[in-house]
Structures are given as C-alpha cells and as structure tokens.
Amino acid sequence: MSYKVIVDSCGELTEDMKKSGLFETASLSMEVGGVRIIDDETFDQADFLRRVAASPECPKSSCPSPEEYMERYHCEADRVYAVTLSAELSGSYNSAELGRKLYKEEYGEKDIYIFNSRSASVGETLIAMKIQECEDRGMTFKEVIDTVERYIAGQNTYFVLETLDTLRKNGRLSGIKAIVASALNIKPVMGAKPEGIICQLGQARGMKRALAKMADHIIEDLEMPEEKILAISHCNCEERALEVQRMLLEKIHVKSSFIIDTAGISTMYASDGGIIVVI
C-alpha cells in the first residue's frame with residue numbers, strides 16, 4: 001500500500017525526509033510589517049528575523065485552508081496521514097479535519113487520518129518519522145494510527161526562548177501567570193502538557209542556567225531513553241543547540257539524535273535564540 005505524510009509547516013522536514021518523496025509540507029503563512037510570508041522552501045530565516053526586529057507590531061500566522069488540505073489528500077497514495085501543530089495552539093488541525101470531510105464529499109472514501117501532535121516543530125517531525133517506521137513495518141492503517149497515537153501520548157516537548165512576547169501577544173500563553181520581567185534576565189523553562197497546552201516548568205537567571213534546568217527536567221521525565229530519538233530545533237543558535245545536545249547525551253543514551261533549524265512558524269514563535277527539544 002502506498003502512503004503519504006503531510007506535515008504542516010510548523011514541523012521541520014529533515015533532508016532525508018525531503019528526498020524520500022513520502023513527505024510534503026502544508027504551508028502556514030505569516031504577516032510581519034504588512035508583508036505576507038509563506039512558510040515554504042522560499043522562507044529566509046535571516047530576512048524574517050530582521051523584519052520582526054524592525055516592526056513595532058507582533059507577527060501573526062495563518063493556517064492552511066481546508067481546501068489546500070483537501071487537494072493534498074487528492075493524490076495517488078492509498079493512505080494519507082497529516083500531522084499538525086497542537087490543536088490547542090492553532091487552527092491547522094481543524095482545517096485538516098475539515099479538508100478531510102471536503103475530500104469525502106468531493107471524491108469519496110479514502111484512508112485519511114489527521115494526527116494532533118499536541119506539540120510543535122520537531123515534535124511534528126518525530127511523529128512523521130514514526131508514521132514512516134510503522135508503514136515500513138507493514139502495519140495496517142489502524143495499527144499505524146494506534147501505534148502513533150500511543151507514541152504522541154508518550155512524547156515530551158520542552159523549550160527555552162530569549163523572549164516569550166510573540167507567544168504571549170498571540171494568546172498562546174493563556175493560563176500562565178508567572179512570567180517574570182525580562183529586565184531581571186529570568187528565562188522561563190517551558191513545556192507542553194499532555195493535552196498540548198503550554199506550561200511553565202521552572203525558571204532560571206540567564207540562558208545558560210535555564211538550558212541546564214531544562215536538561216534536568218528532560219532527564220527526570222525520560223523513560224526508556226534507548227528507544228527514543230532526541231530532536232532539537234534552534235532559531236539562529238546552532239552552538240546553543242549543540243551544547244544542549246552535549247549536556248543530554250553525557251547523561252542519557254538514546255537511539256539517535258539530530259539538530260535542525262526552525263522553519264518559518266517555529267522561527268516566529270521561538271524568536272531569535274530559541275531552543276526546542278522533543279524526545
């Protein structure tokens with residue numbers, strides 16, 4: 001059976017994933033300084049960060065339309081999976097689901113399933129990789145869905161950002177009260193609850209201590225690390241990402257690990273210097 005995996009553009013695709021022909025991106029878009037930017041292969045991170053720094057307004061994002069998802073489902077693959085940014089943070093999941101209903105009305109029945117990542121960025125990447133692993137093992141459509149949903153339930157997301165302004169101003173930090181003044185150089189250590197809502201795990205003075213505290217949280221929460229892939233995305237701070245990877249791999253043994261640049265939507269929310277870890 002042939003299959004395709006659609007990942008909304010908050011999730012980064014590795015070079016191997018791009019070359020495989022099995023994965024494609026459903027692009028979100030961003031607006032900054034009155035300019036609309038599509039989060040696709042043309043995205044220029046450096047240019048985007050310059051525009052954000054120069055604009056007095058907070059950048060905003062828009063999810064793919066249901067019609068775009070519908071057309072992406074209309075392909076030769078027998079099975080189609082979509083992986084979206086957490087439904088609690090974006091309309092991408094609902095758009096993908098509506099696209100599935102539109103497809104059924106327009107073209108009839110097909111095996112299509114949408115995974116709510118309850119995460120973002122490399123969390124989506126790892127879920128897409130898990131789908132490929134299940135398909136390569138010859139699982140049925142239902143077995144793939146059940147296995148990947150269990151995987152999502154056991155996945156943990158962590159991040160430390162230089163600033164939480166974009167998340168706050170776009171309403172992504174609802175319910176979080178303890179955000180300390182940036183003048184104190186306090187960096188909150190953030191994570192995602194099982195239902196996909198952002199939460200604060202702790203805080204530390206300065207980025208270096210915050211990253212160390214994040215690493216401590218990851219190690220404390222981690223179960224069966226030898227079966228896990230450690231994924232790190234970074235926004236314009238590769239050395240920082242390498243240091244986080246080093247801190248973790250000194251204390252845990254994982255199946256594999258990779259580091260990747262944030263794509264457009266992740267860049268918008270992580271901001272310059274942000275680090276996201278999913279395992």
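Predicted model: local features only at pLDDT ≥ 70, side-chain atom pairs only at ≥ 80, totals over all residues.
Let's start with the helices. Helix 5 covers residues 122–136 and helix 6 covers residues 141–153. They pack at an angle of about 145°, and their axes are 10 Å apart. The crossing is right-handed.

So who touches whom? On the helix 5 side you've got Leu126, Ile127, Lys130, Ile131, Cys134 and Glu135. Across from them, helix 6 brings Val144, Thr147, Val148, Tyr151 and Ile152. Sort the residues of that contact by type and you get eight nonpolar, one polar and two charged.

Okay, on to the rings. How many aromatic pairs does the structure hold? Six. Take phenylalanine 43 and phenylalanine 48: their ring centres are 5.6 Å apart and their planes sit at 55°, so that pair counts as tilted. Phenylalanine 43 is buried, at 15% relative accessible area, and phenylalanine 48 is buried too, at 1%.

Another pair is tyrosine 81 with phenylalanine 141. Here the centres are 5.5 Å apart and the planes are at 35°, so this one is tilted as well. What I like is that this pair links distant parts of the chain: tyrosine 81 is in strand 6, residues 79–84, while phenylalanine 141 is in helix 6, 60 residues apart. Are these two buried or exposed? Tyrosine 81 is buried, with a relative accessible area of 0%, and phenylalanine 141 is buried at 15%.

Notes: Residues numbered from 1 in each chain as written. Heavy atoms only, no water. Axes fitted to C-alpha atoms, helices over the stretch in contact; angles between N-to-C directions. Helix = DSSP H or I, 4+ residues; strand = E, 2+ residues; numbered from the N terminus. Left-handed = near helix turned anticlockwise from the far one by under 90°. Contact = heavy atoms within 4.5 Å. Nonpolar A, V, L, I, M, F, W, Y, C, P; charged D, E, K, R; others polar. Phe/Tyr/Trp six-rings, centres within 6.5 Å; stacked < 30°, edge-to-face > 60°. Buried < 20%, exposed > 50% of the residue type's maximum accessible area, 1.4 Å probe, protein only.
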